[in-house]
Amino acid sequence: MAVAVAKRRRVGGGLGSERTREALVGYGFVALPMAFFLLFFIFPIGYAFYISRYDWQIFKGPFVGWDNYRTLYHDSVFWRHAVRNTLVYTATVVNQAIRFRTFFRAAFYFPSLAASAAVAAIATYILASDGLFNTILGHLGYHHQTAWFAQQSTALPAIIGLNAWTTSGTIMIFYLAALQAIPIDVYEAAAIDGAGAWRTFRKITFPLLKPGHFFVAVVSIIGALQMFDQSFLIGGASGGPNYSTLTTVLYLYNQAIANIKFGYGAAVGVVLFAFIFTVTVIQRLLFGRAEVA
């Protein structure tokens, strides 16, 4: 009897019990990733908000409270060019159509493997005034003599088309994985009931892809809102010509690095984070419930 009671005590409670040791091992495995997440993700967000309330240049400056945010609120370059270009780019890239034919899978995905600098360099030659694209348009009867990246009205659409081409392969992989997760039995039952291709897609495929829609929408919008590299490589740090390729992250770079206004740049980053977080929550409300269901 005493042995049984002691055994129950070792199993049920105390620092040396089996349940406690299992819990400690589990917390030990979680501790390192959580510490990494807190150090490299949560802490930078809090620190960015902290320095955004100072006139922080190379060294810590005077406390200015919400003045950086007030200045940002009235900053016409930020709202009329950086935010507008970012939203136009996001709305266009996210709505690209993806095909799922086996023959084209590799062709769609290969551009995703290339570096942004290499893609931008190749596109600069293709879309030059005497480049391949203008040559083809000339043979088709449309004469465009100006480089696409050098003209205000065509610079941003050219970057949008370039990024839609390079990211379509990644989006295709996400959707392909979601399609392959749909049970075959569902399609067999629909075929037995006499459902056509369009009805099967509308009633079965599209609703069951809602978890995929949520993931793709979140990844695509976050990536588009953070677009920096190709705008910087093509339009330069100023987002030229005439701010036509200026994005929010590029504007943040200009304020924090080029102008050495770390406090104001941090304010831009905090506003961008708040916008991305809000958009992600909205997408979760629209699509995320299907994942649980």
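Start by selecting N163: apart from residues up to four places away in sequence, N163 touches Y89 and Q230 (a contact means heavy atoms within 4.5 Å). You'll find N163 in helix α8, residues 152-180; helices here are DSSP runs of H or I with at least four residues, strands are runs of E with at least two, and both are numbered from the N terminus. Show the side chains of N163 and Q230 and look for the polar contact of 2.6 Å that joins them. That term means a pair of N or O atoms within 3.5 Å; within protein, one must be able to donate a hydrogen and the other to accept it, and residues adjacent in sequence count only if both atoms are side-chain atoms. Is N163 buried or exposed? N163 counts as buried because its relative accessibility is 6% (buried is under 20% relative accessible area, exposed over 50%, partly exposed in between, with a 1.4 Å probe and protein chains only).

A quick note before moving on. This is a predicted model, where local features need pLDDT of at least 70 and side-chain atom pairs count only at pLDDT 80 or more, while totals for chains, interfaces and linings use all residues. Residues are numbered from 1 along each chain as its sequence is written, and side-chain values use heavy atoms, leaving out hydrogens and water.

Next, select I234. Leaving aside neighbours within four places in sequence, I234 is in contact with A120, F149, I159 and L162. Along with F149 and L162, I234 touches the most other members of the largest nonpolar core, which has 16 residues. Such a core is a set of buried Ala, Val, Leu, Ile, Met, Phe, Trp, Tyr and Cys residues joined through side-chain atoms within 4.5 Å.

Now jump to helix α3, residues 67-73, and pick R70 and D67, three residues apart, about one turn of the helix. They form a salt bridge, with the closest N and O atoms 2.6 Å apart (the rule is a side-chain nitrogen of Lys or Arg within 4 Å of a carboxyl oxygen of Asp or Glu). By that rule the count is one salt bridge. R70 is partly exposed at 48% relative accessibility, and D67 is partly exposed at 36%.

Last stop: colour by pLDDT, the predictor's confidence in each residue, from 0 to 100. Where is confidence lowest in the chain? Look at helix α1, residues 2-12, with a mean of 49; the highest is α3, at 91.
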